[in-house]
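Dear colleague,

Please find below the structure I am handing over to you. A summary of the findings follows it.

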Amino acid sequence: MFEAAELGRKISREEFDAMAPVLRTELLDLQQRLREADFPVIIVFGGVDGAGKNETANLLNEWMDPRWIVTRAYGRPSDEEADRPEYWRYWRDLPPKGKIGMFLSSWYHRPLLDRVHGVISIPEMDELLERIVHFEKALADEGALIIKFWMHLSEKAQKKRLKKLEDDPLTAWQVTDVDWQHFKMYDKFVGTAERLIRHTSKGHAQWHLVEGADPRYRSAVVLNTIKDAILKHFDEREAVKKVAAELKKPAKSKKIEKPKALACQPSILSSLDMTQSVEGEEYNRQIQEQRGRLSQLYRKAKERGVSTVLVFEGWDAAGKGGTIRRMTNALNARDYQVIPIAAPTEEERAQHYLWRFWRHLSRAGRVTIFDRSWYGRVLVERVEGFCTEEAWRRAYGEINDFEEQIVEAGHVLCKFWLHITAEEQLARFNQRSEIEYKKWKLTDEDWRNREKWDVYEAAVNDMVEKTSTGLAPWTLVEANSKSFARVKVLRTVCDSLEAALRKKRG
């Protein structure tokens, strides 16, 4: 692969100086146009030590307006980062729509180094690379432009480059003992890099091999590639918008119909026994018992660095808020956070839809409670037409991957759907309308959603079927009895914590 790179290519100073003003102007114009665009640009720099990654990033910041560029480089995870899933820090740093993000020592750094140093096997490396493919595909599917550069040097050129940097007092700091250690492993690095590039160079995120020996040639290739890629992406996005606009136009001979429920199979929810209840003294005994368990278990989890993520979904008036309050009474307010999810803010709309959930994942030992969650993509956004069918269908896989990373990071993940019957919901709505301090909870939107009960039930059925995995199963809660639902939720959380602590101890 690297033999095919144009080794030894150069551009004279005169040639570069002649092209630079025009190219810089074009890039600045594109950057201004990009500020109004509906996509971000993600630029990844990889390559051998001394091949010019830092210099190229510096040139981009110099030629373009750095206010609209996010530049990130990663070393070993900090304590804060190590407390969370590995990709938390990458999601946190993603540029919003309209900006450019440059990433050095990115998500490719660990798979490459761990394989070179024998920390992981080839199959383990391939597994890490497959996660990268899913990550980049999820970003690209939401519109992001991903441009990846592998800056290459021959072994001879790398040695010459490192020596030159080392001999200049102004640049000697850039060369470390680690750089020379890596140089001694040149062949292994290159062989591993070839596997990495072949595995992760996809249509949505291709690698561009750049000969890095001559700085002017390297800069010209990178800058022109970025310019051409952004122009092409603008054209592709416009074409997609035109097709989408055409599809939205109703046929003259057809009436616009509301979404229909899927009748291909019975609902999973219909199999629940909604008559279950626990009342009176028995409820008081059980709720106190489970609160006591939770209070002890979450403290043990905190001591051992085990985080808990709880997801609450369910029908309007199903009792999510009341259940959450009964749970948090057993916790220390310093150790938990309840995240209420509503329509995304302007800042959140400028990012991938999962970004706002990634950013809220807590440090080790804490409890994070989502009152509604990322499942909005396959529920309300699906039913109300806030996203395309293609988007909500692919979201099942994106969500499963997200939750897999949460669990693999050692977090306890519990997902609850609080189910009530349509008759019980109506009774609760009427009750809310009569109680002064509950009236605010009942909105016109609640009544509108109720009219689409069957459609939402079909969406819930699909959601449970496609996202109840071995690592992250759904717990369906019979919530016609609020007391029964509260006890079941608390018991499920406690059982999950006990299992995780046993596993941690073992």
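Is C414 buried or exposed? At 4% relative accessibility, C414 counts as buried, where buried means under 20% relative accessible area, exposed over 50%, and partly exposed in between (1.4 Å probe, protein chains only).

Please note that this is a predicted model, in which local features need pLDDT of at least 70 and side-chain atom pairs count only at pLDDT 80 or more, while totals for chains, interfaces and linings use all residues. Residues are numbered from 1 along each chain as its sequence is written, and side-chain values use heavy atoms, with hydrogens and water left out.

The cysteines. C494 counts as buried as well, at 0% relative accessibility. The closest cysteine sulfur to that of C414 is in C494, at 9.5 Å, which is too far for a bond. A disulfide is a covalent bond between the sulfur atoms of two cysteines. With a disulfide taken as a pair of cysteine sulfur atoms within 2.5 Å, the count comes to zero.

The chain as a whole. The protein chain has 506 residues, of which 50% count as buried. The chain contains 20 helices and ten strands; these are DSSP runs numbered from the N terminus (helices: H or I, at least four residues; strands: E, at least two). Along the principal axes, the C-alpha atoms fill a box of roughly 85 × 65 × 40 Å.

The segment before α1. K10 lies in the segment before α1 (13-34). At 65% relative accessibility, K10 counts as exposed.

Yours sincerely
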